[in-house]
Amino acid sequence: MKRKQKNKTSAGFIPLIKTLGGSIREYKKASILTPLFVMVEVVLECLIPYIMTLLLGTISYISGTNQNSDPLIEKIVIFLSHGAAEPNLLLVILQFGLGLIFTAFVSLLCGARSGKYCATASSGFAKNLRKDIYSRIQGFSFSNIDKFSTASLVTRLTTDVTNVEMSYMMIIRTAIRAPFMLIFSLIMAFTINAQMALIFLCTSPILAIGLYFIMTKAIPFFNRIFHKYDAMNESVEENVRGMRVVKSYVREDYEMEKFEKASSSVKEDFVKAEKLIALNTPLMNFCVYFGIIAIYIVGSILIIKSNQSLLQLTELQSFMTYSFQILMSLMMVSMIMVMVIMSYASAQRICEVLNEKSSILSPENAVTEVKDGSVEFDNVNFKYSEKAENYALSDINLKIESGETVGIIGATGSSKTSLVQLIPRLYDVNEGSVKVAGVDVRNYDLEVLRNAVAMVLQKNVLFSGTIKENMRWGDKNATDEEIMHACKLAQADEFIQGFPDKYDTYIEQGGVNVSGGQKQRLCIARALLKKPKILILDDSTSAVDTKTDALIRQALRSYMPETTKIIIAQRIASVQEADKILIMDGGTITAMGKHEDLIKNNAIYKELYYSQNKEAK
Amino acid sequence: MAMKTPAGRGANMRGGHGRAKKGTMGRLLAMLIKNNKKLLSVIVVCLFISSVTGVMSSLFLNNILTKLSEGLELLPPSGNLTTAEAWNTILPDLMKIFITMICVYVAGIIASFIYTRLMATLTQTFLHQIRTSMFNKMQFYPIRFFDTNKTGDIMSVYTNDTDALRQLVSQSIPSLLTATISVITLLILMFSFSIWLSLVIFLGIFVMSMVTKSVGGNSAKYFMRQQNSLGKEEGYIQEMMRGQKVIKVFCHEEESIEGFDEKNEQLCEDSRKAHMFANILMPIMGNLGNLLYVLIAFVGGLLVVLGARNLTITGFQEYNPTAFLVTIMSFLPISKQFTAQISQTSQQLNSIVMGLAGASRIFELMDHDPETDNGYVTLVRCRIAEDGTITECEERTGHWAWKHPHKADGTITYTELKGDIQMFDVDFGYVPEKIVLHDINLYANPGQKIAFVGATGAGKTTITNLINRFYDIADGKIRYDGININKIKKADLRRSLGIVLQDTNLFTGTVMENIRYGRLSASDEDCIAAAKLAYADDFIRRLPDGYNTMLTSDGANLSQGQRQLLSIARAAVKDAPVMILDEATSSIDTRTEALVQKGTDRLMEGRTVFVIAHRLSTVQNSDVIMVLEYGNIIERGSHEELIAKRGKYYQLYTGAFELE
């Protein structure tokens with residue numbers, strides 16, 4: 001869904017190149033040297049058949065099979081005979097041979113150099129590109145992140161970059177080589193005989209028009225296909241992840257049918273697009289083959305009618321060598337074309353990320369100190385996207401003093417999370433303002449603000465690494481004692497000590513080797529290490545039993561009295577002792593007060609309280 | 001589904017990015033040929049015509065040059081005809097050659113037109129066949145397969161490996177075919193021209209294949225490494241992208257970039273080396289070709305000068321320097337073509353190595369054993385007469401029965417589907433060495449609500465995994481309405497169970513489609529009624545398009561609680577006699593949960609419900625609560641009984657004991 005909307009605004013070709021080109025940087029040298037070496041290689045490579053022609057001409061001149069040879073060969077023979085009156089054929093051939101071997105050797109060296117530089121340039125470019133995309137994503141705000149799905153970001157960083165890398169490699173090497181070879185072969189063809197070389201030029205407009213037609217038709221085709229292809233793969237992933245559901249509902253046949261449909265539709269589209277691209281080969285063949293026939297006809301006439309004075313037999317032969325070279329370079333051009341078409345869509349998708357502006361940035365002259373933990377919401381209205389009809393939060397007015405504990409209770413979907421996310425400026429309000437320590441959050445330096453506001457997210461994540469490493473996310477320089485202290489506060493120390501490796505226990509990706517409740521406590525400890533002015537716990541103790549939950553709250557109260565604590569919870573017990581309890585419903589605060597007030601005056605609160613404390617009554 | 005998978009429970013599917021197994025190519029070709037015989041035969045014929053056409057050019061050159069030199073013989077100084085006369089003498093023969101050329105070329109162009117188009121069809125058809133075959137087979141793999149393999153690894157077979165295969169099928173295989181045909185034709189041509197010169201070519205081939213082996217081998221090695229570091233980087237990216245919001249909250253962007261850089265540098269290095277070797281191979285091959293070209297000319301020139309006689313397959317030719325020279329001239333482009341073919345083929349080496357490695361993993365994915373199912377008891381619609389006799393029928397009656405054919409005497413008995421589940425002395429372990437459930441005995445009668453509580457890893461979910469036979473028990477017996485569940489066909493067994501899992505999984509589609517997943521024949525009204533029952537109707541109506549709102553990426557636009565409500569609605573529409581709720585309301589606030597419970601209780605009146613929950617308030621009103629610890633049921637009884645008992649449950653309830 002996310003991608004479909006964006007691709008309508010596909011960027012033009014030039015800005016695309018500009019954006020991507022910015023990632024070449026230190027590999028400019030290699031990127032320039034590659035084509036230079038390629039050029040030398042191609043020149044030498046094209047010279048070889050020419051020298052061959054001369055050699056054959058010389059042989060036939062000296063052995064006397066052809067008397068009307070051209071003056072150039074005569075000069076060469078004189079030069080290579082080193083003034084000897086009778087040219088020594090063997091010596092001449094030997095010298096020619098050495099010259100040719102030398103040429104081929106230098107060409108090989110240049111080719112190898114260019115190959116090396118090309119590898120450096122393209123893999124370096126890809127590296128920079130990945131780095132740029134990755135850094136850009138790191139700069140994204142929450143709403144930027146919401147826009148792209150995780151899967152699509154991963155694809156952009158891997159498959160798409162690889163596609164562009166391949167194209168880049170083709171462009172700096174083959175795309176220089178092919179046209180250069182084409183031009184040089186044409187020049188050589190012209191030096192041999194201009195009339196015949198013209199034939200090649202005649203076929204080129206046909207080729208150009210054909211290629212243009214294929215290109216313009218195929219690019220939009222491929223753009224569409226890649227979306228379908230992605231969607232198909234996403235549905236496979238969905239199927240794999242949801243296999244328990246599939247099997248529980250005995251939906252194997254249904255899933256197979258669904259996939260068969262998706263897969264055939266991808267197939268159909270791919271076939272159509274590739275058939276279009278496939279026109280390339282016969283088109284090339286057509287131009288080259290008929291060029292060759294024309295050359296043979298014209299060449300034959302020229303040779304006989306002029307009795308070799310305009311064109312020699314040997315020249316016709318080397319002409320053919322050039323025409324094969326031309327054929328080869330045209331084939332390369334068509335390969336490049338296919339590659340470019342395929343990677344164009346990838347390039348666009350990369351640029352989408354690179355050109356995405358972070359919607360939340362630190363302002364200039366930002367405030368760099370958060371004085372205290374007071375929070376104020378002033379007539380706040382908020383929605384997740386400009387297009388959304390309903391506000392997620394409306395008319396929020398709230399004042400929290402520094403050091404207060406605030407509880408938030410509300411039904412599923414009542415925007416509790418939305419409310420607290422505005423405090424560390426994970427999203428910006430649409431109307432009104434949110435102030436921390438009396439200053440609008442939009443005026444703070446982002447890092448300063450977020451370091452002062454620690455938030456434990458509802459959907460929490462631990463990263464692969466040891467417990468200590470995970471803890472140091474909160475404070476890079478935390479000592480082992482500080483880490484242990486934080487874990488004690490979060491009631492995590494006890495179970496950590498129970499692990500064989502204690503604080504060096506390795507947490508697997510996604511934290512699969514710790515239980516839900518343990519994960520939550522580790523996440524709280526991590527947040528505590530930031531020593532925040534404001535601590536937000538978004539349903540962070542739901543998997544922790546009531547007693548431990550109480551111990552955590554007690555620890556927070558006694559060890560962090562200065563810190564403002566905002567607690568979202570399902571359990572009344574978690575917020576019961578708060579200085580202020582907010583009850584939210586449908587994006588508004590419907591009631592606010594202390595436990596004692598609410599239990600008397602608020603029906604919802606009362607009902608919740610008694611439903612959860614039936615036995616305690 | 002990795003949640004319940006301790007590392008090492010099973011072998012990882014990706015034992016490293018190894019090389020392809022032996023026989024992969026053969027199997028791939030067999031598959032390709034088996035399913036696409038017609039298409040392939042046309043392609044091979046056209047490919048043959050088109051390759052031969054390319055080779056023929058050299059033959060034409062030879063013929064024309066021979067004719068022309070004959071013509072030149074007629075001209076002064078050796079002859080005495082005028083140019084016009086000489087032209088007219090050779091014209092008929094030349095015309096013949098030109099006309100043949102035009103015919104051959106036209107045939108070649110048509111052939112290449114046909115085969116390139118068919119190749120597109122073949123490649124995509126084959127990929128489609130591979131994809132669907134993988135997918136279809138995968139649907140019947142046991143849950144164990146999905147528990148022991150990472151989703152990312154399975155996905156990479158569908159994406160990366162299939163892409164590699166695409167390269168192999170669409171480019172490498174035809175290129176190999178073309179090369180083989182061309183090389184054979186060229187060899188024949190060369191022998192017919194000159195055996196001496198052909199020997200020089202053989203020398204060249206030998207050197208070139210050695211170079212391909214050493215340089216290409218290196219390149220292939222580094223390409224494998226590159227795939228490996230690409231995989232590592234992908235893993236890192238995936239982890240970071242999933243935790244991106246945490247990174248933001250902790251201002252951890254710099255560190256995350258640093259970690260990325262490290263992996264990125266490694267990838268860049270491997271990729272540089274891989275491409276370097278691949279890139280160097282091309283100029284080496286090209287210039288070896290050039291050297292060979294020179295060598296042939298040199299040897300040829302030498303032979304002419306030394307007055308050697310040419311040797312062809314038809315034997316020694318008469319001494320004729322002019323004819324020999326013409327032969328050399330025609331031989332040179334052939335050698336050029338020959339080496340070009342070989343160096344082009346060597347370029348395919350990496351695609352072949354990677355494609356085969358990909359194919360090997362694809363086959364591995366296809367080679368797992370499907371879920372075994374020896375059940376023969378099936379679920380049928382039935383009519384129940386007043387005297388209790390059951391007759392099978394086609395139409396919906398609201399009654400179901402187990403149809404039980406007895407092999408011994410060939411009779412069929414019918415048992416009404418009620419939802420009575422019993423377990424006797426059940427033992428179970430995910431791996432034989434580690435038993436996680438011991439001696440489980442359980443009697444669930446229709447109308448009862450059975451709850452499981454216990455710490456993570458106590459075996460609550462495992463018990464439900466056994467009831468629906470996601471896993472098979474090691475010892476003991478499970479009976480469903482008195483029938484051993486091993487005798488019941490798995491599909492029918494699962495059809496009789498409604499399950500709501502802890503991890504909600506929604507599918508791309510509308511809200512309505514997601515609810516209907518429970519019963520495909522359900523009408524819109526049925527779905528809405530189920531949604532109302534699950535208390536989901538309210539929020540669904542507030543979505544932008546109500547029931548027609550599209551859900552993507554596992555319902556990313558819904559809150560966790562809302563997704564749970566939807567999956568309850570999905571199970572409700574299935575309307576099964578037995579329902580299993582595994583932490584189904586963990587993210588729903590207690591007030592909503594109470595409303596949902598009221599709905600499900602009404603739905604499940606007279607039926608069997610299993611509840612697994614963390615929150616004790618969820619299980620409080622169950623008929624029987626089982627407390628599990630380390631795979632043993634340590635306490636059982638109603639809430640009141642267990643409280644009175646003052647055991648583990650009482651401790652849990654009063655918070656004296658921690659549930660972890």
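**Close-ups of cavities and a pocket**

**View 1. The largest cavity, with a volume of about 160 Å³.** Welcome to a close-up of this predicted model. Here 17 residues line the largest cavity, and those nearest its centre are Leu581(B), Thr585(B), Gln597(B), Thr600(B) and Val611(B). Two elements of chain B, α17 (590-603) and β16 (608-612), each supply at least two residues of this lining. The largest share, five residues, belongs to α17(B). By class, the lining of the largest cavity holds nine nonpolar, four polar and four charged residues.

**View 2. The second largest cavity, with about 90 Å³ of space.** Take a look at the chains here: Asp539(A), Thr541(A), Ser542(A), Ala569(A), Gln570(A), Arg571(A) and Ser574(A) line this cavity along with Ser586(B) and Arg615(B). One lining residue is nonpolar, five are polar and three are charged. In total, the model has nine cavities of 30 Å³ or more.

**View 3. The second largest pocket, holding about 1,000 Å³ of space.** Its lining counts 34 residues, and the closest to the pocket's centre are Leu379(B), Trp400(B), Arg495(B), Ser496(B) and Lys574(B). Chain A contributes through α10 (252-278), and chain B through β3 (378-384) and α12 (490-495), each of these elements supplying at least two lining residues. With four residues, α12(B) provides the largest share of the lining of this pocket. Sorted by class, the residues around the second largest pocket are 17 charged, eleven nonpolar and six polar.

Key. Residues numbered from 1 in each chain as written. Chains lettered and ligands numbered in written order. Predicted model: local features only at pLDDT ≥ 70, side-chain atom pairs only at ≥ 80, totals over all residues. Heavy atoms only, no water. 1 Å grid on protein atoms, 1.4 Å probe; cavity = no way out; pocket = protein on both sides within 12 Å on 5 of 7 lines; lining within 4 Å. Points joined across faces, edges and corners; volume = space filled by probe spheres on them. Nonpolar A, V, L, I, M, F, W, Y, C, P; charged D, E, K, R; others polar.
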